[in-house]
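Dear colleague,

I am handing over the structure below, together with some notes on what was found in it. Please read the notes with the model open beside you.

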Amino acid sequence: MKKKLILIDGSFYLYRAYYALPNLTNSMGFPTGAIYGFLNMINKIINNNLNNFIIIVFDSKGKSFRKKIFNNYKLKRIKMPNNLIIQIKPLYKIINSMGYHIISMKNIEADDIIGTIAIKAVKNNYFVSIFSLDKDMAQLVSNNINLINPINNFISGPNEIYDKYGVMPNMISDLLALQGDPIDNIPGVQGIGKKISTYLINNLGNLKYIYNNLNYLNNLNLKKIQYIKKCLLNNKKLAFLSHKLTKIKTNININIDINNLHIYFKPNQKKLLYLYKKYEFKKLINNIKKKY
């Protein structure tokens with residue numbers, strides 16, 4: 001029987017918690033909404049996975065390789081509010097005191113950390129569940145990796161990814177390279193939308209194959225073939241740049257021993273209780289007292 005590893009996109013939960021409880025503070029006026037909301041959401045996952053290993057991954061400061069090759073990458077993202085920034089270190093202390101491992105690496109995006117750990121875990125006989133709303137994560141889905149929607153808990157395997165996006169998981173980055181992704185400011189191919197992108201991939205193959213076989217477009221049942229060819233040719237550089245931006249790296253250097261995950265999970269009840277009292281989380285304090 002396979003062991004199970006839970007990978008949590010901590011940055012998603014952090015922002016969601018912050019905007020759900022933006023005005024919550026303790027009696028000293030320190031903002032605690034992001035911390036408290038995050039813990040409530042994460043505890044639900046923990047309670048449903050008591051016998052499984054859990055790793056929480058966060059984005060960090062620094063310029064990722066994507067930003068270096070395309071300065072407009074994620075240009076529209078709102079800067080993290082100061083009231084949220086100052087809650088991050090306390091949250092990390094609490095999570096570590098709970099006995100859960102946090103990974104955040106300078107200049108490395110959480111997607112690439114999650115992707116690398118997921119693939120490494122599968123090779124070591126784990127089944128992996130990823131809690132994230134990031135569509136890029138869909139490319140990691142396989143028979144041994146599923147994707148769980150943090151909002152409605154919908155579980156996606158390969159078939160569910162195909163039903164949602166119209167292509168199999170291994171073609172998600174090719175799809176986004178063609179159609180673009182306005183959320184991350186991925187340019188894609190101007191003039192090629194979701195419908196045509198999906199059709200091209202399912203009838204020809206990945207991005208590289210499409211560009212190496214543009215003459216095959218004449219055999220497809222598509223209107224405005226010459227217009228589509230022109231769009232592809234005029235935006236070739238952007239298409240391959242977009243592919244680099246959307247492709248999750250699965251081979252970054254992470255100092256974690258997948259075969260000995262138990263060494264990372266060491267709860268500290270005394271410290272946890274102290275932190276809960278400091279930030280005045282009465283419900284969480286009571287939960288600890290009931291548990292122990």
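**Strands and their partners**

In this predicted model, Ser 129 stands opposite Asn 146, a residue of strand β5. Helices (H or I, at least four residues) and strands (E, at least two) are DSSP runs, numbered from the N terminus, and two strands are said to pair if DSSP finds at least two bridges between them. Because this is a predicted model, local features need pLDDT of at least 70 and side-chain atom pairs count only at pLDDT 80 or more, while totals for chains, interfaces and linings use all residues. Residues are numbered from 1 along each chain as its sequence is written, and side-chain values use heavy atoms, with hydrogens and water left out.

Strand β4 (residues 126-131) has 5 of its 6 residues buried, so it is largely enclosed by the rest of the structure; here buried means under 20% relative accessible area, exposed means over 50%, and partly exposed lies in between (1.4 Å probe, protein chains only). β4 pairs in the parallel sense with strand β1 (residues 3-9) over 6 bridges, and Lys 3 stands opposite Tyr 126 of β4. β4 also pairs in the parallel sense with strand β5 (residues 145-148), over 4 bridges, where Ile 145 of β5 is the bridge partner of Val 128.

In a regular strand the side chains alternate between the two faces of the sheet. Both faces of β5 are covered, with Ile 145 and Leu 147 buried on one side and Asn 146 and Ile 148 buried on the other.

**The hairpin and its loop**

β5 and β6 run antiparallel and are joined by 2 bridges, and Ile 148 has Ile 155 in β6 as its bridge partner. Their hairpin has 6 residues between the strands, and Asn 153, in the loop between β5 and β6 (155-156), has a positive phi of about 60° although it is not a glycine. Asn 153 is exposed, with a relative accessible area of 51%. Asn 185 also has a positive phi of about 60° without being a glycine, and its place is in the loop between α7 (172-179) and α8 (194-203).

**A charged patch**

Lys 61, Lys 79, Lys 89, Lys 93, Lys 271 and Lys 278 form a positive surface patch (residues with over 30% relative accessible area and no salt bridge, like charges being joined within 9 Å; a salt bridge is a side-chain nitrogen of Lys or Arg within 4 Å of a carboxyl oxygen of Asp or Glu). The elements that give two or more residues to this patch are α4 (82-98) and α12 (269-278). Lys 278 lies in helix α12 and, at 43% relative accessibility, counts as partly exposed.

With best wishes

Key. Patches are made of residues with over 30% relative accessible area and no salt bridge: like charges are joined within 9 Å, nonpolar side chains (Val, Leu, Ile, Met, Phe, Trp, Tyr) within 5 Å. Accessible areas come from the Shrake-Rupley method with a 1.4 Å probe; for residues, only the protein chains shown count as cover. Lys and Arg count as positive and Asp and Glu as negative; His and the chain ends are not counted. The place of a charge is taken as NZ of Lys, CZ of Arg, CG of Asp or CD of Glu.
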